[in-house]
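This report looks at aromatic pairs and salt bridges. The sequence and model come next.

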Amino acid sequence: ARRIGSLLGVGDDHIFNVANTAPSKSGDYELLILGTSTWGNGNLEDDWYDFLAGLEELDLRGKEIALFGCGDETMRDTFCSGVGELYNRLVNTGAQFIAPYDTIGYNFDHSAAKPEDALEAYGLLLDDVNHPELTETRLRGWTKLITQQALNKQTAQTPRSHWPAAGKTIAGCLPVSTKIYFSNIINLKTDSLFGISFGQIT
C-alpha cells in the first residue's frame, strides 16, 4: 500500500482511517481510490462496513472511483472478491468508476471483482503471496493509468492559464497497517482536490 502512495506522489500527512473517519469526508475529494483485502468467503475487511454504509447514502455524482485489493489466488472462488463488493455497493451512488485492470498472471476460477467473460477486473487485483514478482509491474501500470485519466480529465476541464507549475502536489497520503485511508493527489486546479482512499493489504 505504501508503494501505491509513493508512485502517486502522496504523503503521510493526509491519511484517514475508515474505522474513525466520517463518510462525509469523501465530499472533499473528486477522485476516491478505495482498496481492501478479502476475508473469509470473499468478504470485506471488517472496518469497511460502517463506513461503506454511510458512503452508500451519499450523492457521489461527479466523483470518480478507482478500486484495488489484494488476495490469495489459492482461494480460487473468491479471489479479491472484496473489491467486487466495494463496486457492487457503490455502483448506484452516481460515481464513475475508472482504471479497470487485467488479471494476467493470476490463476483463479471466480472473483466478484471481475465480471464473467470480462477481460479486466473492476480495478487492480494483487496477489503478493503467490506472485510477488508481478506486484511492482502491476502497481506501476495501474497508478500510471490513474494519473493519466485524472490529468486528462482535469486538463479538459481547466483553462491552461489556471495550471500550476509542473509537478505541483497539493497534498498526499498513503496507507499503513490494515486500514483504509483518504488523501489528495497531484492536482491541476488550486481550488479542487483529488482524493484517494487506500485499503487493507495483507
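What follows covers ring pairs, then charged pairs, in a predicted model.

**Aromatic pairs**

The whole structure holds six aromatic pairs. Phenylalanine 79 and phenylalanine 108 form a tilted one, 4.9 Å centre to centre, with 40 degrees between the planes. This pair links distant parts of the chain, 29 residues apart. Phenylalanine 79 sits in the loop between strand S2 (64–70) and helix H3 (81–90), and phenylalanine 108 in the loop between strand S4 (101–102) and strand S5 (120–121). Phenylalanine 79 is buried at 0% relative accessibility. Phenylalanine 108 is buried too, at 16%.

Tyrosine 87 and tyrosine 122 are stacked, because their ring centres are 3.7 Å apart and their planes are at 10 degrees. Tyrosine 87 lies in helix H3 and tyrosine 122 in the loop between S5 and strand S6 (124–126), so this pair ties together parts 35 residues apart in sequence. Ring pairs also link Phe79, Tyr106 and Phe108 into a cluster.

**Salt bridges**

The count comes to seven salt bridges. Among them are these:

| Pair | Closest N to O |
|---|---|
| Arginine 89 – glutamate 56 | 2.8 Å |
| Arginine 61 – aspartate 59 | 2.5 Å |

Arginine 89 lies in helix H3 and glutamate 56 in helix H2 (residues 48–56), so their bridge ties together parts 33 residues apart in sequence. Arginine 89 is partly exposed at 25% relative accessible area. Glutamate 56 is partly exposed at 29%. Arginine 89 and glutamate 85 both lie in helix H3, four residues apart, about one turn of the helix. Salt bridges link Glu56, Glu85 and Arg89 in a network.

Arginine 61 is exposed at 63% relative accessibility. Its partner aspartate 59 is partly exposed at 44%.

Notes
Residues are numbered from 1 along each chain as its sequence is written. This is a predicted model: local features need pLDDT of at least 70, side-chain atom pairs count only at pLDDT 80 or more; totals for chains, interfaces and linings use all residues. Side-chain values use heavy atoms; hydrogens and water are left out. Rings of Phe, Tyr and Trp (its six-membered ring) pair if their centres lie within 6.5 Å; planes under 30 degrees apart count as stacked, over 60 as edge-to-face and the rest as tilted. Helices (H or I, at least four residues) and strands (E, at least two) are DSSP runs, numbered from the N terminus. Buried means under 20% relative accessible area, exposed over 50%, partly exposed in between (1.4 Å probe, protein chains only). A salt bridge is a side-chain nitrogen of Lys or Arg within 4 Å of a carboxyl oxygen of Asp or Glu.
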